[in-house]
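The sequence and the model are shown first.

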Amino acid sequence: MAERAQANPGRRALLGAAALGTAALGLPGTASAAEPRPDRGADGPGHGHGLRLDLPVPTVIGHRGAAGYRPEHTIGSYQAALDMGAHIIEQDVVPTKDGHLVCRHENDITATTDVAAHPGFANRRTTKKVDGVPLTGWFTEDFTLAELKTLRAKERIPGNRQRNTLYDGRWEIPTFEEVLRWADREGRRRGRPVWLYVETKHPTYFRGLGLGLEEPLARLLRRYGRHRAQSPLILQSFEPSSVQRLSKLVATPRVVLLSGPGERPWDFVASGDPRTVADLVKPAGLKWMAGYAHGIGPTLDLIAPKDASGRLGTPTTLVRDAHAQGLILHPYTLRNENTFLPADFRRGTDPNAYGDAFGALLAYFATGIDGVFSDNPDTALLAAADFAGR
């Protein structure tokens, strides 16, 4: 599946669709021709539904690029995901000491770079509390961009993905602006836009350090023409207030990420909001999020929880309830290795061997989700094509 055309591009994801069937009607047109709601204008910020994404359903999102094959959040990982045909490629953004946005899953870069091998940075190792969790290591906000550029990326989970260590040291940490330039170059070369899916990481924590994420991110989106309602980019955050802040800065589609049901978004903790994720996935919570977002990114367990043995259980009503509020669902994360799959889709006894990822993906697609984050975009694309052909 090297080309996006092979993933049935006639099936369009319609933001605001009440159900997957509505989203997959094969509506004609492209993102540039889509009509926003009259109450928000083509380029102005705001909220509401009626936006059309020029994307197949189910949508395959390259999680941190193609993290199953390359060290995550590197140009190499993004390029691999694009070459495989991923419909969207994800970036997480965190700031440097001098205010640049770089692409890392976390601001703690201990496990994803060779920083520990640089004696000159030994005194930067420290312990911090990030979103209430004490962490010891090296953090992006303690480095200038020039200093970070002396580091090289490495595989985050070498115990699971030993083959990926082949690429350790090959790529540097990319800035988000470099990714925007890369996407524009690839888009021109391929004759179609390269879609990006951008997450603000720990926005409340960074705002407290004077390194707010939303404003510099919005400036970059405007500079590269990705701030409009039909731009090939989706914004996301685990903190609803970050999504709300972005909604006032750009018109780009937005998604609220949702973790475990008993957890509270960190901005809720900081502001004293007692609601948990379990509250947000109820109809009232979904209606509230629909006021400023276009979709949700729940854990796969919120779609179909596992039973006590780790096997996939009965789906919840979340897909139906979210679609009823006009929200799309892009849950996370499907990985090929046994250790990450529901027990009924594991094969053999090696936790790092591939299990029946195709079977797991088809089971999740059958719930009506609009897409999925995957570390293995090629696998997800084949499963999506199988599902679309049923």
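Is Phe-206 buried or exposed? Phe-206 has a relative accessibility of 0%, and because the limit for burial is under 20%, Phe-206 counts as buried. The model is a predicted one, and the values below are computed from it.

**Overall figures**

The protein has 390 residues, and 57% of them count as buried. Its secondary structure consists of 14 helices and 13 strands. Among contacts with a separation of 6 or more, 68% are between residues 24 or more positions apart. The accessible surface is about 15,000 Å², and carbon and sulfur atoms make up 53% of it.

**Aromatic residues**

There are nine aromatic pairs in the structure. One of them joins Tyr-205 and Phe-206, with ring centres 5.0 Å apart and planes at 70°, so this pair is edge-to-face. Tyr-205 is buried as well, at a relative accessible area of 13%. Phe-238 and Tyr-332 also form an edge-to-face pair, with 5.9 Å from centre to centre and 90° between the planes. This second pair links distant parts of the chain, since its two residues are 94 residues apart. Phe-238 sits in the loop between β9 (233-237) and α7 (240-247), while Tyr-332 sits in the loop between β12 (328-329) and α13 (357-365). With a relative accessible area of 30%, Phe-238 is partly exposed.

The two pairs are set out below.

| Pair | Centre-to-centre distance | Angle between planes |
|---|---|---|
| Tyr-205 and Phe-206 | 5.0 Å | 70° |
| Phe-238 and Tyr-332 | 5.9 Å | 90° |

Ring pairs also join Phe-268, Trp-288 and Tyr-292 into a cluster. Trp-288 has a charged neighbour too: Arg-275 lies over the face of its ring, at 4.0 Å from the ring centre. Arg-124 is placed over the face of Phe-143, at 5.0 Å from the ring centre.

**Nonpolar cores**

In soluble globular proteins, nonpolar side chains tend to be buried together. The largest nonpolar core here has 46 residues. The residues with the most contacts inside this core are Phe-176, Trp-182, Leu-196, Val-198, Leu-217 and Leu-235. Leaving out residues up to four places away in sequence, Phe-176 touches a set of residues including Val-93, Leu-101, Val-102, Leu-196, Val-198, Leu-217 and Leu-233. Another core lies apart from the largest one and has 40 residues, among them Leu-302, Ala-322, Phe-345 and Ile-369.

**Strands**

Strand β10 (residues 254-258) is mostly covered, with five of its five residues buried. Arg-254, Val-256 and Leu-258 point one way from the strand, and Val-255 and Leu-257 point the other way. β10 pairs with β9 in the parallel sense over three bridges, and Ser-237 stands opposite Val-256 in β10.

Strand β6 (residues 126-130) and strand β7 (residues 133-137) pair in the antiparallel sense over five bridges. Thr-126 stands opposite Gly-137 in β7. The hairpin of β6 and β7 has two residues between the strands, and Asp-131 in this hairpin takes a positive phi near 50°.

**Helix α6**

In helix α6 (residues 214-223), the buried residues are Glu-214, Pro-216, Leu-217, Ala-218, Leu-220 and Leu-221. These buried residues pack against β5 (101-103), α4 (176-190), β8 (195-200), α5 (203-208), β9 and α7.

Which residues does Glu-214 touch, not counting residues up to four places away in sequence? Glu-214 touches Pro-203, Arg-207, Ser-242, Arg-245, Leu-246 and Leu-249. Its relative accessibility is 2%, so Glu-214 counts as buried. After α6 comes Gly-225, with a positive phi near 65°.

**A buried loop residue**

Pro-56 lies in the loop between β2 (52-53) and β3 (59-62). At 1% relative accessibility, Pro-56 counts as buried. Pro-56 and His-87 are 31 residues apart along the chain, and their C-alpha atoms are separated by 7.6 Å.

Methods: Residues are numbered from 1 along each chain as its sequence is written. This is a predicted model: local features need pLDDT of at least 70, side-chain atom pairs count only at pLDDT 80 or more; totals for chains, interfaces and linings use all residues. Side-chain values use heavy atoms; hydrogens and water are left out. A nonpolar core is a set of buried Ala, Val, Leu, Ile, Met, Phe, Trp, Tyr and Cys residues joined through side-chain atoms within 4.5 Å. Buried means under 20% relative accessible area, exposed over 50%, partly exposed in between (1.4 Å probe, protein chains only). Contact means heavy atoms within 4.5 Å. Rings of Phe, Tyr and Trp (its six-membered ring) pair if their centres lie within 6.5 Å; planes under 30 degrees apart count as stacked, over 60 as edge-to-face and the rest as tilted. Helices (H or I, at least four residues) and strands (E, at least two) are DSSP runs, numbered from the N terminus. A charge sits over a ring if NZ of Lys or CZ of Arg is within 6 Å of the ring centre and within 35 degrees of the ring normal. Accessible areas come from the Shrake-Rupley method with a 1.4 Å probe; for residues, only the protein chains shown count as cover. Two strands pair if DSSP finds at least two bridges between them.
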